Amino acid sequence: MSDVKTQVQETPVGATAKDEKCKDCGRREFFAKVGMGSLAVAAAGAGLFSYEFFSPNVLFEAPPIVKAGKPDEFPQGSVTLDPKSAIYIINGNKGFYALSAICTHLGCLTAWKPELDLIACPCHGSRFNRDGVKVAGPAPEPLPWLKTWLAEDGNLMVDRSTTLKEPEYVKV
Ligand code: FES
């Protein structure tokens, strides 16, 4: 009679022997999952870092040679800014030529002001005439003339990496 009483006290109603043996299984599984998750996050971070480390750290600049367009796109006497290439195409009395549109003071993009017949820098007020000569402001140099030529397909080409010491005109 006393044996039966002892058994009832050791095993709660509805509990099995497996439940007793694996009392900490839920907690173990939880920590295993947390551990696996942490490893996955660490691996993803390492992968990302490796990609950043091994990918080339370079700036992809546009090629220096620009196809500016056909000469008849630039009316006689016009000064046309191509903001993407930062150049002016000028159809002057002596022919076509190109100027850099980058201010020689601190590198701002200038703008053509037809009402003033001047190229103006918005940053510190430098101004240049249509030949690139500075007429006002802190810019230490004129706007550089850029090598310009007519390609076989009839387009005006400008090499932004080649500046000219003397003015050269493209006659069409
Ligand atoms: S950057 Fe043009 S005047 Fe300063």
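In this predicted model, strand S6 (residues 118-120) and strand S7 (residues 127-128) run antiparallel and are joined by 2 bridges. Within this pair, Ile 119 of the protein chain stands opposite Phe 128 in S7. The two strands belong to an open sheet of 4 strands, which follow one another in the order S5-S6-S7-S8 with antiparallel pairing. The edges of this sheet are taken by strand S5 (111-113) and strand S8 (134-136), and because each of them has a single partner strand, one side of each is left without a neighbour in the sheet. Strands of a sheet pair through backbone hydrogen bonds, in either a parallel or an antiparallel sense.

Of the 172 residues in the protein chain, 17% are buried. When contacts between residues at least 6 apart in sequence are considered, 38% of them join residues that are at least 24 apart.

Among the helices, helix H3 (residues 25-54) comprises 30 residues, which at 1.5 Å a residue should span 44 Å; the end C-alpha atoms of H3 are 43 Å apart, in agreement with that expectation. The number of buried residues among the 30 of H3 is 0, so this helix lies largely in the open. In an α-helix there are 3.6 residues a turn, so residues three or four places apart point the same way.

A further open sheet is formed by 6 strands in the order S1-S10-S9-S4-S3-S2, again with antiparallel pairing. Its edge strands are S1 and strand S2 (79-82), each of which pairs on one side only. On average, and with direction ignored, neighbouring strands of this sheet are turned by 30° against each other. Within the sheet, S3 and S4 run antiparallel and are joined by 6 bridges, and Asn 91 stands opposite Phe 96 in S4. The pairing of S2 with S3 is likewise antiparallel and extends over 4 bridges, with Asp 82 standing opposite Ile 87 in S3. These two strands, S2 and S3, form a hairpin that has 4 residues between them, and Ala 86 in the turn has a positive phi of about 60°.

The largest nonpolar core has 18 residues, and those with the most contacts inside it are Ile 87, Tyr 88, Ile 89, Ala 98, Leu 99 and Val 158. At least two residues of this core are supplied by each of strand S1 (65-69), strand S3 (87-92), strand S4 (95-100), strand S9 (145-150) and strand S10 (156-164). For Ile 89, once its neighbours within four places in sequence are left aside, the residues in contact are Ala 68, Phe 74, Thr 80, Asp 82, Phe 96, Ala 98 and Leu 156. In a regular strand, the side chains alternate between the two faces of the sheet.

Away from the strands themselves, Gly 154 is placed in the loop between S9 and S10. Because Gly 154 has 11 C-beta neighbours inside 10 Å, this residue counts as exposed, the cut-off for that class being 12 or fewer. Although Gly 154 and Lys 70 are 84 residues apart along the chain, their C-alpha atoms are separated by 6.1 Å.

Terms used:
Residues numbered from 1 in each chain as written. Predicted model: local features only at pLDDT ≥ 70, side-chain atom pairs only at ≥ 80, totals over all residues. Buried ≥ 20, exposed ≤ 12 C-beta atoms within 10 Å, placed from the backbone. Contact = placed C-beta atoms within 7 Å. Core = buried A, V, L, I, M, F, W, Y, C linked by C-beta atoms within 7 Å. Pairing = 2+ DSSP bridges. Axes fitted to C-alpha atoms, helices over the stretch in contact; angles between N-to-C directions. Expected span 1.5 Å × (residues − 1).
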